[in-house]
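I opened the notebook to look up a few things, one entry at a time.

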Amino acid sequence: YRKYKPFPPVSLPDRTWPDKTITKAPYWCSVDLRDGNQALPIPMSVEEKLELFELLLKIGFKEIEIGFPSASQTEFDYLRTLIDRNLIPDDVTIQLLTQSRDHLIRRSFEAIKGCKNVVMHFYNSTSTVQRDVVFQKDQKEIIKIAVEGATLIKKIAAEYPETNIRYEYSPESFTGTELEFAKEICEAVMDVLEPTPENQLILNLPATVEMHTPNIHADQIEWFSRNIKNRDCVLISLHTHNDRGTGVAAAELGLMAGADRVEGTLFGNGERTGNTDLITMAMNLYSQGVNPELDFSDIEHITKVYKSCTRMNVHERHPYVGELVYTAFSGSHQDAIKKGLDKYKSGTTGFWDIPYLPLDPSDMGREYEAIIRINSQSGKGGVAFILDSQFGYKLPKAMHPEFSRKIQMITDETGKELKGAEIFEEFSKEYLTV
Ligand code: KIV
Ligand code: ZN
């Protein structure tokens with residue numbers, strides 16, 4: 001990642017931006033096995049969840065929300081399998097979700113027996129609409145739900161001295177909640193759980209439904225981060241959804257606004273339009289020279305396992321990952337890329353500075369071969385580039401027009417694009433056979 005540099009500052013009339021950037025990776029928490037799974041038309045089987053869990057470990061996640069064990073026997077059995085088969089590395093923390101309700105909290109604790117590191121994540125809904133429409137409860141009654149949950153969790157956790165238990169509280173639908181009330185309920189939970197700088201409480205502030213532009217979300221996070229008491233005793237966690245299509249942007253701005261941690265999923269799987277896509281977010285950091293501390297260098301394998309476990313597709317234009325994201329169909333793009341790659345290979349630039357290619361595809365295990373495809377829109381430079389980069393033949397400049405005309409005739413006739421090997425075949429027929 002060191003070959004990438006931050007994008008240059010953008011000058012605005014009265015100030016220089018950015019005075020804020022993300023300079024280090026946040027704490028990541030994968031919620032693929034919970035938020036991701038609960039949104040699948042066919043939820044994952046225990047075996048599929050085990051396979052995805054293994055993948056998440058390989059990528060480097062240290063906190064993984066594995067499900068909602070109190071909600072179903074399958075979820076319960078899945079956690080038991082992880083623990084009983086000793087599949088959780090010592091440096092990985094398992095997170096469980098539970099509503100802030102007595103019997104669900106008790107059942108969740110039953111599921112964690114023998115587990116080394118746990119985040120017990122409890123939540124209740126706090127927004128105006130949820131209070132009015134779903135619960136018909138006033139603010140005091142909503143606070144009571146959270147405080148009773150926290151009290152019970154603290155009490156039962158004391159019976160598990162062999163387990164390192166941390167707590168996470170989510171005022172679900174935070175972004176539709178009055179900020180003063182969100183602060184009040186979180187502080188009431190803090191009063192019960194008594195977090196310290198050494199044993200911080202995770203306060204997760206979900207954009208359960210994405211309701212605002214990312215700057216407004218960031219303002220909410222910033223206000224909360226500046227006003228919550230004992231800030232050093234809490235970790236502020238983001239959990240954005242993507243209803244307006246800006247889940248990643250909201251999480252990025254949320255980090256710049258003071259948050260410490262991000263919950264999300266691979267490829268943005270999750271309820272409705274999904275959660276924050278952690279691949280995009282991590283690779284955004286990577287391509288600006290920040291170590292994301294997650295490893296997406298074998299994206300083909302990650303995509304394959306993800307698709308088979310979830311039965312979801314990955315869009316061809318999915319950032320960093322889609323089948324088409326390292327292609328250039330236009331001749332001028334191809335030419336610019338060729339110039340950039342030549343310069344990069346000559347070692348004079350020091351940084352990856354290639355027009356139209358924000359990332360070196362090989363950093364994700366993708367092939368240069370896939371970068372340029374030739375169709376009737378391609379210019380002369382593209383064909384020459386393929387022959388040079390993939391087959392080691394440097395076509396003299398004078399031959400470019402003739403050979404690219406030949407390729408264009410074929411693509412015009414067939415209406416299809418030609419792959420590198422097909423171009424080489426034409427080249428061989430034309431110039432290499434005696
Ligand atoms: O979106 C949401 O609010 C959630 C919570 C349960 C954290 O998934
Ligand atoms: Zn969610």
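How do the residues of the shell around ligand 1 divide into nonpolar, polar and charged? I found three nonpolar, five polar and two charged, where Ala, Val, Leu, Ile, Met, Phe, Trp, Tyr, Cys and Pro count as nonpolar, Asp, Glu, Lys and Arg as charged, and the others, Gly among them, as polar. I noted that this is a predicted model, in which local features need pLDDT of at least 70 and side-chain atom pairs count only at pLDDT 80 or more, while totals for chains, interfaces and linings use all residues. Residues are numbered from 1 along each chain as its sequence is written, and chains are lettered from A and ligands numbered from 1 in the order in which they are written.

**Ligand 1.** The shell (C-beta atom, placed from the backbone, within 6 Å) includes Asp-35, Glu-172, His-239 and His-241. The elements that give two or more residues to this shell are β7 (164-172) and β8; I took strands as DSSP runs of E with at least two residues, and helices as runs of H or I with at least four, numbered from the N terminus.

**Helix α9.** I looked up residues 247-256 and saw that nine of the 10 are buried, so α9 is largely enclosed by the rest of the structure. Buried here asks for 20 or more other C-beta atoms within 10 Å of a residue's own, with C-beta atoms placed from the backbone. Among the buried residues are Gly-247, Glu-252 and Leu-255. Just after α9, I noted that Gly-258 takes a positive phi of about 125°.

Key: A residue is buried if 20 or more other C-beta atoms lie within 10 Å of its own, exposed if 12 or fewer, and partly exposed in between; C-beta atoms are placed from the backbone.
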